[in-house]
Amino acid sequence: MWFCARCCSLQEYVSAVAADEVILELVGVTRRYPGVVALDRVNFDLRPGEVHALVGENGAGKSTLVNVVSGVIRPDEGELRLGGESLRFSGPVDARRRGIVAVHQEGELFSSLSVAENMALSVGLPAGRFGRVRWRQVFAEAEAAVGRLPERVDYRQPAGRMSIAHRYMTRLAAALSEQACVVLLDEPTSALTGPEVEWLFAQVEQLRQAGVGTIYISHRQEEIFRLADRVTVLRDGRRVLCEPIDRLTPERLIEAMVGRKPPSEQKRLGSARRLQAGGGKSSSVDAGGTSGAARLRIEGLTDRRGRFRDVDLVLHAGEVLGVYGLIGAGRTELAEAIYGLRSATGRIVLDGRTYRADSPEQAIAQGVAYLPEDRLRRGVCRGLSIRANLVLSSLKRWCVGPWVRAGAEAGAALEQMRMLDVRARDVEQRVEQLSGGNQQKVVLGRCLLAQPKVLLLDEPTRGVDVGAKAEIHALLRRLADDGCAVMLISSDLPEVLEHSDRLVVIREGRIAGQFDPRSTTAEQVAAAALPVEAPDLPPPRGLRRWLGRWGGWGSDWGLLCAVLLLGAWLALTNEQFVTAENLRGVASGAAIWIVLALAAAVVIVPGAIDISIGSLLALAAAAAGLLLRDSTTPAIDIPLAVGAALAIGVAGGALNAGVALWGRIHPIVVTLGTMTVFRGMLILLTGGETITGMPSAWTRLATARPAGVPGLVVACAGVCLIVHGWLRHTVRGRELYAYGASPTAARLVGIGRRRVWLTAFAAAGALVGTAALMELARAGSMQSVLGSGYELRAIAAAVIGGTAITGGRGSVVGVVLGALLLSLLYNALVLWQVSRYHYDLVIGSLLLVAILLDRAFGKSES
């Protein structure tokens with residue numbers, strides 16, 4: 001018997017399984033990866049209304065077990081039972097439909113989509129007739145879900161703008177809105193502060209009272225002993241302990257996790273005592289300055305985007321300075337400004353000299369290292385090896401001239417792996433294959449290899465097991481004793497109280513107080529961190545304010561202004577531009593380029609690219625032209641020609657997607673080949689000759705001017721409306737954006753690459769066929785060179801129109817404006833009698849500028 005929210009209520013399900021006393025059961029589950037057994041014959045069970053804690057060191061197999069239960073991966077051996085029935089999930093969506101909801105520690109979001117749409121995608125967008133998304137239902141459900149949160153979250157904002165804590169809380173709120181029988185919480189408090197943690201605990205208690213079984217994964221023992229009914233310990237992929245919580249002690253739990261008695265943590269050395277005693281010098285001196293002296297001095301630092309203001313702070317050599325504050329208080333932003341990731345005004349002095357870092361490269365060169373809060377987005381390079389990740393910040397140390405000393409580089413990486421106890425096969429293993437805690441150790445090791453004078457650590461022990469956490473704390477103390485100035489930013493109040501020499505509290509972007517951890521209580525620090533009723537932060541000013549309102553250069557507003565300004569300038573400087581004939585020609589030509597640019601954008605949005613569209617357009621136009629040539633029965637031949645062009649376009653697009661998917665080849669490589677294939681088929685079909693003799697009934701489609709508007713413009717408007725409605729308001733269209741924003745997150749909600757790419761390439765092919773028909777109607781003939789170079793201009797129009805070259809973002813309005821801008825530029829070049837050989841130079845330059853501006857402003861808004 002299994003649970004389905006659509007078939008029965010949660011209460012009915014819990015009553016049905018009460019006799020068995022088990023909701024979920026894993027029997028002898030084994031999961032292997034190359035060179036490692038992640039789970040080795042593990043048994044596990046969960047009861048109704050139980051909080052079952054799952055603990056273990058990093059790499060013990062906890063995340064693998066969660067992925068098995070939630071349907072992300074399948075076990076190699078063993079059995080999974082839900083309500084007593086043996087099941088094999090087809091994927092995470094299947095598991096979710098059966099009542100198993102997982103909130104992963106490092107779960108990715110669709111950063112370019114709204115928070116509300118992210119929530120809805122986790123269970124599937126509600127759809128009506130013709131697959132149209134019910135947006136009112138999406139926003140109503142999101143409003144109800146975020147209403148559970150302890151603080152206000154704008155569910156209409158792009159999810160990429162949220163902090164890590166808000167991301168986790170919104171995912172959890174969405175999960176709690178579902179009727180689930182099993183909820184898996186993976187390190188739920190790792191990025192939360194005190195009030196948010198208490199809110200989370202209240203939600204877990206509500207799940208317990210409702211009879212929902214909760215699997216709770218955490219490295220924080222105080223949470224385990226407060227919430228759990230039972231505890232299962234994994235070590236090296238095996239279950240080594242399963243006991244009720246009242247039979248365990250913290251010491252026994254740690255011993256079960258690490259396989260030995262827990263070592264006493266190194267006694268904290270008092271750099272603060274030295275400073276308070278009058279600045280006496282330590283026995284160790286760092287190369288960059290005297291221990292105990294002011295290493296980093298910050299005066300009046302203010303974020304240009306208003307996240308913090310008038311920060312005055314001193315960080316001493318040999319000191320661990322704790323920084324605490326609630327979510328959004330400005331802790332992370334302060335560290336980013338010091339490291340050169342954010343623009344700020346004010347003065348920073350490092351070792352008595354003015355310090356300025358406009359980029360992380362400059363910060364590293366001056367002896368500042370930074371461990372970011374978000375290790376997935378800003379910490380690790382997931383596609384690279386452990387070795388490559390470890391040495392990224394210190395490559396110059398391992399080089400002789402331009403050559404890297406591979407042996408020295410590998411040796412340094414191996415030494416860091418051993419020192420930090422990174423659990424991996426070898427130094428060349430890809431870092432994305434490691435557990436979250438081991439990834440965190442890799443990022444920390446990279447910081448240490450940079451030999452910093454100032455070390456900025458943002459949540460350094462997030463997702464790290466209790467043994468590794470103690471080792472990291474001891475390491476930080478050793479670094480401070482060697483003269484390094486350490487800034488420890490943490491949401492874990494006991495951590496900053498225990499391991500800091502001084503403690504600074506940030507509240508609403510300002511320093512709210514400084515404390516001596518030895519004589520300060522947690523209540524005093526928490527009270528200082530609580531916000532006042534009306535925050536006094538200035539709004540963004542100048543260009544940032546304008547960009548925030550209108551969305552920057554890549555926005556539709558910016559493009560509209562550019563189009564209008566260019567059109568006005570051409571009208572004022574060239575009389576030929578405003579002639580009716582020229583304007584009709586520009587409009588008709590732009591209409592074709594808009595449709596072709598839409599074809600390029602539809603493929604780019606889900607993270608692919610198609611450079612065969614020019615050749616495919618020519619092939620589709622040739623097929624239609626041959627059917628229309630010297631036609632004596634237009635009523636029959638015209639529909640046949642339209643059908644042939646569209647069919648060839650769709651078939652060509654589907655071929656591109658199929659080869660890329662079947663061969664697991666990047667689309668740019670596949671379409672590079674099919675571009676030549678389609679061009680060769682064109683030559684075979686036409687013999688290289690021009691196709692003429694189009695019937696007048698066909699060419700009238702282009703020359704007709706209903707209400708004074710060229711027929712091609714009317715056709716283009718119809719296509720734009722259809723594509724806009726499909727992309728923005730249907731489930732299939734929204735899936736393209738979701739996959740482009742995050743393929744990993746898309747897979748977890750059941751959006752597969754096969755369906756997305758086949759849909760995108762086939763739709764793009766239909767648009768290419770439409771553009772071919774429009775070009776054939778306008779020209780009245782078809783030459784074999786048609787379409788040459790069209791792909792560059794189409795892609796350029798899409799990207800200039802705001803379609804992110806990396807996928808996940810783009811709009812029909814933006815593409816229309818981008819194509820209009822390029823058409824006006826082409827017309828200007830013609831009117832100015834510029835050589836055609838310079839056209840590609842102009843288009844290529846515009847494309848590069850658009851990509852660079854998109855990257856710059858995209859980063860600034862994230």
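This is a predicted model: local features need pLDDT of at least 70, side-chain atom pairs count only at pLDDT 80 or more; totals for chains, interfaces and linings use all residues.
The largest cavity holds about 400 Å³ of space, and its lining is made up of 26 residues.

**The largest cavity**
- Among the 26 lining residues of the largest cavity, those that lie nearest its centre are Arg96, Ala102, Ser122, Arg171 and Val749.
- Two or more residues of this lining come from each of the helices α3 (92–97), α4 (115–121), α6 (164–176) and α29 (743–748), and also from the strand β6 (100–103).
- When the lining residues of the largest cavity are sorted by kind, 17 are nonpolar, six are polar and three are charged.

**The nonpolar surface patch**
- On the surface, a nonpolar patch is formed by Leu655, Val659, Ile665, Ile668 and Val669, which together have about 370 Å² of accessible area.
- At least two residues of the nonpolar patch are supplied by α24 (634–663), and at least two by α25 (667–686); Val669, one of the patch residues, has its place in helix α25.

**Val93 and its contacts**
- Val93 is found in helix α3, an element that gives two or more residues to the lining of the largest cavity.
- Leaving aside residues up to four places away in sequence, Val93 touches Leu748, Val749 and Gly750, and of these Val749 is also among the residues nearest the centre of the largest cavity.
- Although Val93 and Ile751 are 658 residues apart along the chain, their C-alpha atoms are separated by 9.1 Å.

Methods: Residues are numbered from 1 along each chain as its sequence is written. Side-chain values use heavy atoms; hydrogens and water are left out. On a 1 Å grid over the protein atoms alone, a cavity is a set of points where a 1.4 Å probe fits but cannot get out, and a pocket is an open set with protein on both sides within 12 Å along at least five of seven lines; lining residues have an atom within 4 Å of a point. Grid points are joined across faces, edges and corners, and a volume is the space filled by probe spheres set on the points. Helices (H or I, at least four residues) and strands (E, at least two) are DSSP runs, numbered from the N terminus. Ala, Val, Leu, Ile, Met, Phe, Trp, Tyr, Cys and Pro count as nonpolar, Asp, Glu, Lys and Arg as charged, and the others, Gly among them, as polar. Patches are made of residues with over 30% relative accessible area and no salt bridge: like charges are joined within 9 Å, nonpolar side chains (Val, Leu, Ile, Met, Phe, Trp, Tyr) within 5 Å. Accessible areas come from the Shrake-Rupley method with a 1.4 Å probe; for residues, only the protein chains shown count as cover. A salt bridge is a side-chain nitrogen of Lys or Arg within 4 Å of a carboxyl oxygen of Asp or Glu. Contact means heavy atoms within 4.5 Å.
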